[in-house]
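Try each task before you read its solution.

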Amino acid sequence: MNETKVVTEQPEILQAIKNSVGDARHVVKELAEVFTERIQPLRLEESESVFNDLTQNIYDLQGLMEFIMELKNGMNYFEGFGLPADPITSDGSGLALFNEMHTSMESKDWVMLADLIEYELSPLLLKEAEWLGELNDILMEY
Amino acid sequence: MIFKKNIQQLRLTDRELADGISNAGQSVDVVISESRSGAPTLQVNNTYIHSSYDPVKEAKEWLKNNEQYIHGADNIVVFGFGLGFHLNELCTSTQKQITVFEPNLHVLKAAFQSQDLEAVLSRIKIITDVSAPYFEDDTAVLTLQSSLKLTPEYFDQVLLKLKARDILASGLRIMVVGPVYGGSLEVAKYCSSSLINMGHTVELVDNSRFDDTLFYIREITSNKNHYDALVEKFTALLSEFILARCEEFQPDIVINLAQAPVTTDCIERIKHYGVKTAYWFVEDFRFMEYWKQVAGSVDHFFTIQKDDFFEEMKQSGLDNYHYLPMAAYPQVHRPVDLSEEEKKYYGSEISFVGAGYYNRKHFFNGFIDHDLKIWGTDWDMHSKLAGFIQRSGSRVDTDEIVRIYNASRININLHSSTYHKGVNPFGDFVNPRTFEIMSCGGFQLVDRRSGLDGLFEEGEEVVIFNDQNDLRQKIQHYREHPEEAKRISEKGRNRVLRDHTYEKRMQEMLEVIVADDYEPACWADNRELVQDLITEADAETEVGRYLSQFNEHEHIALSDIIEKISNEDGDLSRTESIFMMMNEFKG
């Protein structure tokens, strides 16, 4: 399918993607920051409040995941604008990471959870933000 | 190789722990693996204690986050050893005294096996039990959080102890209530003196001044009802005295010794002021059943027996009991230089000091072929033992007892029993004599008691006999090996000085009391800040200079000044006369 043709034929979808990508990029960056802030309290406190905050963040992350899936569906109409698949959903690495985080939370292994956030999740979210940035740049051309 | 090196380093400062770690087996729950950075990391019960990515970076962050606390403290306490990454960073960043609490020997073993800890071990003290040291200055408590959840009760207990020591460091006002007569009279005095030595302000209510009256009541009637009624009224009167003294002295804590003449009503009234109350029941619960009345009325009930007694108290719905064995008072129970004359008079090959209880009368008949001296009251002067009983069974005072313990080659310590012919096979508590002989540096053979477990190391610090035959063999052995007896005596004395003094007991008792949601008593506050009083009087004036001697106390009242003046000899100074006059006007 010709990309330009598709873009012309699906203006509502294109507009919806355009509108949401900026917001999504902002949310992803914010989440990356918030999770990074949780690392030291997790390692140093292991308190109830840290746990509650983290639960909320993970809930937000799930929301983001759902949004990315929607976005991915929308982008399928445009063959992904020639971009490689997004880092979170591309090879299931995001899902595997979330499962690992879930296991750490269940076993109350806060050190492992802090590690996963520091060394896996935060870089992944930053990559996702970069990817959304690239997508945003492409969309500006339409 | 690393393990050996680490153990050698630890052995220089803590041989016992080094042996403990060496002998600790491997635990399947403690797993060392390689982190992504290449450094080792640790998992306990499937939970990571250190980062599995970069534990060194994690430790640096830990230090950075704790820097403000480290900076403001004189001593540092760390909860949790892990593999020691955080301790390595800490030791590099500060020269302050560092104490690490870690109860898990398997974790320590893992650390010793995987890390070069030589530099860390030369700087820190590791504590594996709850014997928290006393820190005079400000202490920062830092935690390796992941370690805490492995043994949360342990760290809670240590934390409570450290907090309690903080409160105790400022000095409390403590009233010690002694009995009218009996063995606990001396104990009350030792407790009181120990508390003073520890820096507390103490009032000893010495009820022994009323002993004549109590004995007179015994003589006045043979009618039990009359006797009981008189004793009850007498106790109520003494209780009122105690309460009156309490209101004057305004203590934070009242410690009652066994047989103290306090009614439950008196205890309730003392508690009404928010004063914490304790009772040290230095009695055999099987014979003295009055614990049933008193144990539930005080905040904390301390006992010299545990297992069966604890079970019985538990059955009675009590949960305020604590084990606190007897002790020695080394300022009194000490080695003394004896003259040749004293050695001859007080010395013998084997000796016994104590009252002539049923079992002792039978037991010592088996030793009349020895150079035996028996000291104490209530012995039968018409028995086979008569020739061995010194001074016809008259009373021996503490000073003489100390000389006997010093002069005897072997001190026999047979706990009393009114229904056994020798060693009571069910005996559990350990009598004061056990600690006192050792504190004097005397050599002792003591009958087997379950309570001795954990107090002394058998064969190293104390020698225990099981029956008459066993004692005869042991006497023979140590007669032939005096150097062995001397070595055991020295070790026993060191153990008493380290763990079994009245100061240790009082510290333990106060820590229990203070750790239990302690709040200062709510007396109407008539005490003032010493510094304020000095400033008001002007430090350079006579009164200002006089008051400056109270600087070690934060607050004082007129009654404290009067008490000090009353305890001193010599003529009153002008300032002292003024305070005495103020006290008269106040009255």
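**Exercise 1.** What is the area buried between chain A and chain B, and what share do carbon and sulfur atoms give?

*Solution.* First, know the model: it is predicted, local features need pLDDT of at least 70, side-chain atom pairs count only at pLDDT 80 or more, and totals for chains, interfaces and linings use all residues. Residues are numbered from 1 along each chain as its sequence is written, chains are lettered from A in the order in which they are written, and side-chain values use heavy atoms, without hydrogens and water.

Next, take the term. Buried area is the accessible area (1.4 Å probe) that two parts lose on being put together, summed over both. Here it is about 1,400 Å². Carbon and sulfur atoms give 49% of it. On the side of chain A, Leu44(A), Val111(A) and Tyr119(A) supply 35% of the area that chain A buries against chain B, more than any other three residues.

**Exercise 2.** How many salt bridges does the rule find across the interface of chain A and chain B?

*Solution.* Apply the rule: a side-chain nitrogen of Lys or Arg within 4 Å of a carboxyl oxygen of Asp or Glu. The rule finds three across this interface. One of them joins Arg43(A) to Glu58(B), at 2.7 Å from N to O.

**Exercise 3.** Is Ile220(B) buried, partly exposed or exposed?

*Solution.* Start with the cut-offs: buried is under 20% relative accessible area, exposed is over 50%, and partly exposed lies in between (1.4 Å probe, protein chains only). Ile220(B) has a relative accessible area of 47%, so it is partly exposed.
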